[in-house]
Amino acid sequence: MILSLLLLPSLALSALGQGFTSAPVITNNPPTTYTAIFFDKPSTSVRGDITASGAPDGVGLIFRVNFTGLPANIGSFPYHVHVSPVPTNGDCIAAREHLDPYNRGEQPPCDPSDPATCQVGDLSGKHGTASGTSFFTEYTDFYLSTDPSSNAFVGDKSVVIHDATGARLNCGNFQFAPVAQLAGVSRLNHSYVHSDV
Ligand SMILES: [Cu+2]
């Protein structure tokens, strides 16, 4: 009994990707802002934007997350940074997998009390899923970057929001958004967005 309890933490760690221990805190983030705005497409009511800004001290990124039109009564909504940008047809499958530069892998699920051991792109695993029909949250994530030379750089990646089954509801691409930074606001005028579907 005692032995099995002692073994549990090491077993949990060994289930993570080979060689993975934890993601490093990113400490040299430029104070720039990137914003991803979900596609305006007829197949879904889900809209929203996610702004990621280098923290004033360079440690981590400040995220502002704003979703609307979430389907009622179907549970909570995971969302992640995915590795590939989405083409202009808005096909969220093209976003491919989660940003996971240290090859942590999908299992076991992210433990939000130990976010360094989560996939760096697993925003909802670390900071909570979206819920309700409209959702706003703000937080600092220490493992993502506004530095284009970092393997945790968000600026050329996408964000996908899922339903509880994992289906991809909508997505958007991070774009350099200095206007949001200068104005101190999280939402961009839609004239800064790529063409909608
Ligand atoms: Cu995802």
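1. Basis of the values. The model is predicted, so that local features need pLDDT of at least 70 and side-chain atom pairs count only at pLDDT 80 or more, while totals for chains, interfaces and linings use all residues. Residues are numbered from 1 along each chain as its sequence is written, and side-chain values use heavy atoms, with hydrogens and water left out.

2. The copper site. His80 (ND1), His82 (NE2) and His162 (NE2) coordinate the copper ion at 1.9 to 2.0 Å, where donors are N, O and S atoms within 2.8 Å of the metal (3.2 Å for Na, K and Ca) and the site may look incomplete because water is not among the atoms. The spacing of these donor residues in sequence is H-x1-H-x79-H. Histidine 82 belongs to strand β4 and histidine 162 to strand β6 (residues 158-162), so this pair ties together parts that are 80 residues apart in sequence; strands (E, at least two residues) and helices (H or I, at least four) are DSSP runs numbered from the N terminus. Histidine 82 and histidine 162 are both buried, that is, under 20% relative accessible area, with exposed meaning over 50% and partly exposed in between (1.4 Å probe, protein chains only).

3. Tyrosine 102. This residue sits in the loop between β4 (79-82) and α2 (123-127). Beyond its neighbours within four places in sequence, tyrosine 102 is in contact (heavy atoms within 4.5 Å) with Phe20, Ala23, Pro24, Ile26, Val120, Asn151 and Ala152. Tyrosine 102 and glutamine 18 are 84 residues apart in sequence, yet their C-alpha atoms are 9.4 Å apart in space.

4. The largest pocket. Its lining consists of 14 residues, with His80, His98, Glu106, Cys110 and Asp122 nearest the centre; a pocket is an open set of points on a 1 Å grid over the protein atoms alone, where a 1.4 Å probe fits, with protein on both sides within 12 Å along at least five of seven lines, and lining residues have an atom within 4 Å of a point.

5. Backbone features. Glutamine 107 and proline 108 are joined by a cis peptide bond with omega of about -5°, and proline 108 lies in the loop between β4 and α2. Asparagine 73, in the loop between β3 (61-68) and β4, has a positive phi near 60° and is exposed at 83% relative accessibility. Arginine 96 also has a positive phi near 60°, and is partly exposed, at 44% relative accessible area.
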